[in-house]
Amino acid sequence: MRETAESALKGLKQGDTIGIIAPAGPVTHDEIQPAIDILQQKGFRIQEGVHLYDRQGYLAGNDHDRLNDLHRAFEDSSIKAVICARGGYGTPRLLDKIDFDIIAQNPKLLIGFSDITALLLAVNRKTGIPVWHGPMLRNPDGREKNIEGLIRLLSSGGKIALSLEEKNVLKKGKARGKLLGGNLTLISSLAGTPFLPEFKDSILFIEDTAEHLYRIDRTLTQLRLAGILKGVRGILAGDFKNCGDADEINKLLLENLEGDYPMYSGFPAGHGTDNYPLPFGVEAEFDTEALALRVDAFIDQD
């Protein structure tokens, strides 16, 4: 794995250019223009990928063109951050074709979630560069609040200090480790590939959407049986939108994640109305006794 200094990432400031790409599902201009308007009103320039609005069935164009947009966004020195337009499906198809040297040599903020989990984890695994699980452009729920929150965090050093709610604590405890994770289904899809980071000694964040309880059970069981969850230091569960009763989901988490570590559910990140940005690949402190989550600042504001 190529190691990249965390301080190599630069924070955002007014006037910076943000690149928009669609490495997964297709989008239309009308679907993402409201989010682009928000970014422009905040003083940012926008550079759209050449193939941003391409469509090939359930993909935003063919693999070659989506890959080229990703590479160009990192090669372009004027672009300071790359935000993915939407999830859907398609990012895993690109992983074995990505030139990770391009990304390692041009570190910049990379933001997305859902299917983009595959890209985030692969980039962190192959380059060591921290990545951001956070709001994209197509999602209308809470769009303005979520995008404004993302920009505020990326413009102020990336330091997170949040209070947790006692009612959402599944297991009490304290932990420190790298924050990693994302969409549960996508994490499972990377099992057995060279693109999944090592979760040992990590605080694992998971979320999902529109999955039946038995499918969540099956996915957690697979990860457990494969040993992927061995050595995890804490579990931070986000939104499981349209996945069934929250108490039943919590029961599955407790049944499948039996480690002696802190566990918390209902963190406001994922497919719900609230999608709080989380950096992956950086040290975090997770304390369900003091009800606190802290993530070390790592963005250079100079």
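This is a predicted model: local features need pLDDT of at least 70, side-chain atom pairs count only at pLDDT 80 or more; totals for chains, interfaces and linings use all residues.

Modeller: Let us take the lining of the largest pocket, which by class has 2 nonpolar, 8 polar and 5 charged residues.

Biologist: Which residues are closest to the centre of the largest pocket?

Modeller: The largest pocket has a volume of about 240 Å³. Among the 15 residues that line the pocket, Gly88, Ser114, Asp115, Thr209 and His271 are the closest to its centre. Helix H6 (184-189) and strand E9 (202-209) each supply at least two residues of this lining.

Biologist: Why is Gly counted as polar, and Asp as charged?

Modeller: The charged class holds Asp, Glu, Lys and Arg, whereas Gly is among the others, which count as polar.

Biologist: What makes H7 roughly parallel to H8?

Modeller: The axes of helix H7 (residues 213-225) and helix H8 (residues 246-256) cross at roughly 15 degrees and come within 10 Å. Angles under 35 degrees count as roughly parallel, and H7 is therefore roughly parallel to H8. H7 passes H8 in a right-handed crossing. The contact residues include Leu213, Ile216 and Leu220 of H7 and Ile249, Leu252 and Leu253 of H8. By class, the contact has 6 nonpolar, 2 polar and 3 charged residues.

Biologist: Why are H1 and H5 called oblique to each other?

Modeller: Helix H1 (residues 29-41) and helix H5 (residues 143-154) pack at an angle of about 40 degrees, with their axes 10 Å apart. Roughly parallel requires an angle under 35 degrees, and roughly perpendicular 65 to 115; H1 and H5 are therefore oblique. Their crossing is right-handed. The residues of this contact divide into 6 nonpolar, no polar and 4 charged.

Key
Residues are numbered from 1 along each chain as its sequence is written. Side-chain values use heavy atoms; hydrogens and water are left out. Axes are lines fitted to C-alpha atoms, for helices over the stretch in contact, and angles run from 0 to 180 degrees between N-to-C directions. Helices (H or I, at least four residues) and strands (E, at least two) are DSSP runs, numbered from the N terminus. Angles under 35 degrees count as roughly parallel, over 145 as roughly antiparallel, 65 to 115 as roughly perpendicular and the rest as oblique. A crossing is left-handed if the near helix is turned anticlockwise from the far one by less than a right angle, and right-handed if clockwise. Contact means heavy atoms within 4.5 Å. On a 1 Å grid over the protein atoms alone, a cavity is a set of points where a 1.4 Å probe fits but cannot get out, and a pocket is an open set with protein on both sides within 12 Å along at least five of seven lines; lining residues have an atom within 4 Å of a point. Grid points are joined across faces, edges and corners, and a volume is the space filled by probe spheres set on the points.
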